[in-house]
Amino acid sequence: MSDVIYRVNEIFETIQGEGFYSGTPAVFIRMQGCDVGCPWCDTKHTWAVELDDEYPLEQMNQPSGDRQRWAQASSDELLALVSSYQAKHIVITGGEPCWYDLKPLTKKLHDNGYMCQLETSGTYEIQIDARSFVTVSPKINMRGKRDVLASAMQRANEVKHPVGRQSDIDALDLLLARCPTQAQIALQPISQQQRATDLCIQTCIKRNWRLSVQLHKYIGVL
């Protein structure tokens, strides 16, 4: 399997704050590049890939502080960087990590004793090792006008849907009708809004879905 060169914004160790693995110590690998265009996105600094923003890889081994920056890295280089941390759970996020073929990276990580979790919008084909856990956070009717793919919903182990109002749940229902999935469904209130949280709780109880709060924002960690 040929290697891929990835553009990485930051690598850091923290606690996974969302979804099925909430509370799990994890190393985050945040990829640079995204054209989905979510208006509430809290990592807009990862959208653009500008040549002037390229930095040495060793500077990525720390939180970016919301800087629009990136470095090139191979699978071997990323494995070497994550091996300096204690956590064995690797979260590959972005940006939109499925801009990249993740098979070489995730195979290497799994083969070396790590567990990989992908966080993706579902708007690009998912190329990843079969052992990986896939979280699709479906971005519906975003500014980038990219459709959520049926193949992504079928590959998902977890569908974690951001919710601000009832129309977001209605949009998810339409997506699930078009793209059936066996994945666990979780609703995540946008920006810890109380109204959205109440709506998610009510809907999760009614449908036997799960609630995903952004734990890291409540406890004040990255």
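**Close-up views of a predicted model**

**Figure 1. Surroundings of Tyr6.** Leaving aside residues up to four places away in sequence, Tyr6 touches Met31, Ala71, Gln72, Ala73, Ser75, Leu78, Tyr100, Asp101, Leu102, Pro104 and Leu105. The structure shown in this and the following views is a predicted model.

**Figure 2. The nonpolar cores.** The largest nonpolar core comprises 52 residues, and those with the most contacts inside it are Tyr6, Ile11, Met31 and Val82. Helix 4, formed by residues 166–178, gives the most to this core, with five residues. A second, separate core has five residues, among them Cys34, Val36, Trp47 and Met142. In soluble globular proteins, nonpolar side chains tend to be buried together.

**Figure 3. Strand 2 and the strands paired with it.** Strand 2 spans residues 25–31, and six of its seven residues are buried, so this strand is largely enclosed by the rest of the structure. Strand 1 (residues 6–15) pairs with strand 2 in the antiparallel sense, over seven bridges. Within this pairing, Ile15 has Pro25 of strand 2 as its bridge partner. Strand 2 is also joined to strand 4 (residues 89–93); these two strands run parallel and share four bridges. Here the bridge partner of Ile29 is Ile92, in strand 4.

**Figure 4. Helix 2 and its covering.** Helix 2 consists of residues 103–111, and its buried residues are Pro104, Leu105, Thr106, Leu109 and His110. Two of these residues, Pro104 and Leu105, are also touched by Tyr6. The elements that cover the buried residues of helix 2 include strand 1, strand 2, helix 1 (75–82), strand 4 and strand 5 (115–120). Just after helix 2, Gly113 adopts a positive phi of about 90 degrees.

**Figure 5. Asp147 in its loop.** Asp147 is placed in the loop between strand 6 (133–136) and helix 3 (150–155). Is Asp147 buried or exposed? Its relative accessibility is 57%, and exposed means over 50%, so Asp147 counts as exposed. When residues up to four places away in sequence are not counted, Asp147 touches Gly122 and Thr123. Asp147 and Thr123 are 24 residues apart in sequence, while their C-alpha atoms are 5.7 Å apart in space.

**Figure 6. The largest pocket.** The largest pocket contains about 990 Å³ of space. Its lining is made up of 45 residues, of which Glu18, Arg30, Asp42, Thr43 and Gln214 lie nearest the centre of the pocket. Two or more lining residues are given by each of strand 1, strand 2, strand 5, strand 7 (158–163), strand 8 (184–189) and helix 6 (215–219). Strand 1 provides the largest share of this lining, with four residues. Sorted by class, the lining of the largest pocket has 15 nonpolar, 20 polar and ten charged residues.

Figure 7. The structure holds one cavity of 30 Å³ or more. The largest cavity has a volume of about 30 Å³. Which residues line the largest cavity? The lining is formed by Pro189, Gln192, Thr197, Val213, Gln214 and Tyr218. The lining of the largest cavity divides into three nonpolar residues, three polar residues and no charged residues. Gln214 belongs to this lining, and Gln214 is also one of the residues nearest the centre of the largest pocket.

How values were computed. Residues numbered from 1 in each chain as written. Predicted model: local features only at pLDDT ≥ 70, side-chain atom pairs only at ≥ 80, totals over all residues. Heavy atoms only, no water. 1 Å grid on protein atoms, 1.4 Å probe; cavity = no way out; pocket = protein on both sides within 12 Å on 5 of 7 lines; lining within 4 Å. Points joined across faces, edges and corners; volume = space filled by probe spheres on them. Nonpolar A, V, L, I, M, F, W, Y, C, P; charged D, E, K, R; others polar. Core = buried A, V, L, I, M, F, W, Y, C linked by side-chain atoms within 4.5 Å. Buried < 20%, exposed > 50% of the residue type's maximum accessible area, 1.4 Å probe, protein only. Contact = heavy atoms within 4.5 Å. Pairing = 2+ DSSP bridges.
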